[in-house]
Amino acid sequence: MAIALPEHEGEEEKPKALSWAMPKILIDGGSSVEILFYDTFKQMGLRDDCLIPSTYNIFGFTGSSTRPRGEVTLEIRVGKILTLTAFCVVDVLSPYTAIVGRSWVHGIKGVASTYHQRLRFPTPDGVAEIIGDSGEAKYCYKMDVQNDENKVNS
């Protein structure tokens, strides 16, 4: 999966986009919002002035509500499919770089299988597939549990 980053516009230039490969994305069919973690946001070279203020809280992280730092809209390219996606940027510790939820999966007309760790979706050239890495999935899950245990012990 690749994310197109907005580049600064010159007065006479068209906007340009920089591509950034996005590893460790969690496809969460239970999530109603797309999440970009603040550490990833900063690693992508984006600045806080790109963020649109958020007017809501997200529930589910650490068992309580989380106030987003803001929202940013980015292009996601998967094969030949390109979507504009609004991400909610949150400053919480996570082994993932981003979480995409139901709306993004539905937007690409995708079908996700958590058991098979695959996402299939139609393209002009036929059905495409993203295959998850079970080793990375286990590692991310282990790190997520460890982060939660550290919060409880603090």
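**A chat about the model**

Guide: In the hairpin of β10 and β11, 4 residues lie between the strands, and Q117 there takes a positive phi near 50°. Strands here are DSSP runs of E with at least two residues, helices are runs of H or I with at least four, and both are numbered from the N terminus.

Visitor: Before going on, what kind of model is this?
Guide: This is a predicted model, where local features need pLDDT of at least 70, side-chain atom pairs count only at pLDDT 80 or more, and totals for chains, interfaces and linings use all residues. Residues are numbered from 1 along each chain as its sequence is written, and side-chain values use heavy atoms, with hydrogens and water left out.

Visitor: What average pLDDT does the protein have?
Guide: The average is 80, and 78% of the residues score at least 70. pLDDT is the predictor's confidence in each residue, from 0 to 100.

Visitor: Where is confidence lowest, and where highest?
Guide: The lowest is in strand β1 (residues 2-6), with a mean of 55, and the highest is in strand β4 (residues 34-37), at 93. Over residues 8-16 pLDDT stays under 50, and the model has 5 contacts for them beyond four places in sequence. Contact means heavy atoms within 4.5 Å.

Visitor: Which residues of β11 are on the covered face?
Guide: L119, F121 and T123 are on the covered face of β11 (residues 118-123), while R118, R120 and P122 are on the uncovered one. In a regular strand the side chains alternate between the two faces of the sheet.

Visitor: Zooming out, how many helices and strands are there?
Guide: The protein has 3 helices and 12 strands. Of its 154 residues, 34% are buried. Buried means under 20% relative accessible area, exposed over 50%, and partly exposed in between, with a 1.4 Å probe and protein chains only.

Visitor: Which residues have the most contacts inside the largest nonpolar core?
Guide: They are L36, F41, V72, L74, F87, V89 and W104, in a core of 21 residues. At least two residues of this core come from each of α1 (38-43), β7 (70-78), β8 (81-90), β9 (98-100), α2 (102-107) and β11. β7 supplies the largest share, 4 residues. Another core lies apart from it and has 9 residues, among them V33, I35, I58 and I99. A nonpolar core is a set of buried Ala, Val, Leu, Ile, Met, Phe, Trp, Tyr and Cys residues joined through side-chain atoms within 4.5 Å.

Visitor: And β8, how enclosed is that?
Guide: 7 of the 10 residues of β8 are buried, so β8 is largely enclosed by the rest of the structure.

Visitor: What does β8 pair with?
Guide: β8 pairs with β4 in the parallel sense over 4 bridges, and with β7 in the antiparallel sense over 9 bridges. L36 stands opposite V89 in β8, and R77 has L82 in β8 as its bridge partner. The hairpin of β7 and β8 has 2 residues between the strands, and G79 in the turn has a positive phi of about 60°.

Visitor: Is T85 buried or exposed?
Guide: T85, in strand β8, is buried at 4% relative accessibility. Leaving out residues up to four places away in sequence, T85 touches E34, V72, T73, L74, I76 and W104.

Visitor: How many aromatic pairs are there?
Guide: There is 1 aromatic pair. Y38 and F41 form it, stacked at 5.8 Å centre to centre with 20° between the planes. Rings of Phe, Tyr and Trp (its six-membered ring) pair if their centres lie within 6.5 Å; planes under 30 degrees apart count as stacked, over 60 as edge-to-face and the rest as tilted.

Visitor: Where do those two sit?
Guide: Y38 and F41 are 3 residues apart in helix α1, so about one helical turn separates them. Y38 is buried at 10% relative accessibility, and F41 is buried at 0% relative accessible area.

Notes: Two strands pair if DSSP finds at least two bridges between them.
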